[in-house]
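Please look through the structure shown here alongside the notes that follow. They begin with ring pairs and then turn to the chain as a whole.

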Amino acid sequence: MGSYEPLFGSKLCWYLIDTSTVPVQRLTADAGSNVTLGCPGVNEHSLVQALEWSSHAKLVEYMSESTTVWKNRHRISLLADSFALHFHPVRAEDSGDYVCLVNSRPKPDAIVRLIVQDVPDPPGRPLIISFTSRSVNLSWAPSKDMHHSTITHYIIHVR
């Protein structure tokens, strides 16, 4: 059984794309940096008459020399020379799968999986499990959102 991705279509309705045979290109970026996602299958020799970038919703649409940015106009743009999707800057909430459909193709050449790493949320309030005159044993709940980052250590400040 294949896997299916819901994508926002050019007909303003939801449709499903079988993604079980579509390769995935992974890109990891730090929050706050500028990131460009190349449109898979498009190069300098491509004739592009229509193009649509989408994730959970339609983001950018290009039709015959006209570009419409549907979401986050202040930080997302379409690069005219390459039809790449450009984030300035990228945020943790931009993490996800991106699809570029060219000339009304029914299926993308690849899915671009953007993983944006940011500072994890703080852990829960520490609880004293036990203590002696020389030590203390603490416990706390993990961060609610890790923002695709790994916590390697904690720093505990004593007042």
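1. The chain of this predicted model has three aromatic pairs. Rings of Phe, Tyr and Trp (its six-membered ring) pair if their centres lie within 6.5 Å; planes under 30 degrees apart count as stacked, over 60 as edge-to-face and the rest as tilted. In one of the pairs, the ring centres of Tyr 62 and Phe 83 are 4.9 Å apart and the planes meet at 65 degrees, so the pair is edge-to-face. Tyr 62 sits in strand β6 (residues 58-63) and Phe 83 in the loop between β8 (76-78) and β9 (85-87), so that distant parts of the chain, 21 residues apart, are linked. Tyr 62 and Phe 83 are buried (under 20% relative accessible area; exposed is over 50%, partly exposed in between, with a 1.4 Å probe and protein chains only).

2. Trp 140 and Tyr 154 form another edge-to-face aromatic pair, with 4.9 Å from centre to centre and 75 degrees between the planes. Trp 140 and Tyr 154 are both in the segment after β13 (136-139), so this pair ties together parts 14 residues apart in sequence. Trp 140 is partly exposed because its relative accessibility is 28%. Tyr 154, at 37% relative accessibility, also counts as partly exposed.

3. The structure holds one disulfide, defined as a pair of cysteine sulfur atoms within 2.5 Å. Its partners are Cys 39 and Cys 100, with 1.9 Å between the sulfur atoms. Cys 39 lies in the loop between β4 (35-37) and β5 (50-54) and Cys 100 in strand β10 (residues 96-102), so parts 61 residues apart in sequence are tied together. The link of Cys 39 and Cys 100 is left-handed, with -90 degrees about the S-S bond. Cys 39 and Cys 100 are both buried.

4. Of the 159 residues in the chain, 34% are buried. Among contacts (heavy atoms within 4.5 Å) with a separation of 6 or more, 52% are between residues 24 or more positions apart.

5. On the method, residues are numbered from 1 along each chain as its sequence is written, and side-chain values use heavy atoms, leaving out hydrogens and water. Because the model is predicted, local features need pLDDT of at least 70 and side-chain atom pairs count only at pLDDT 80 or more, while totals for chains, interfaces and linings use all residues.

Methods:
Helices (H or I, at least four residues) and strands (E, at least two) are DSSP runs, numbered from the N terminus.
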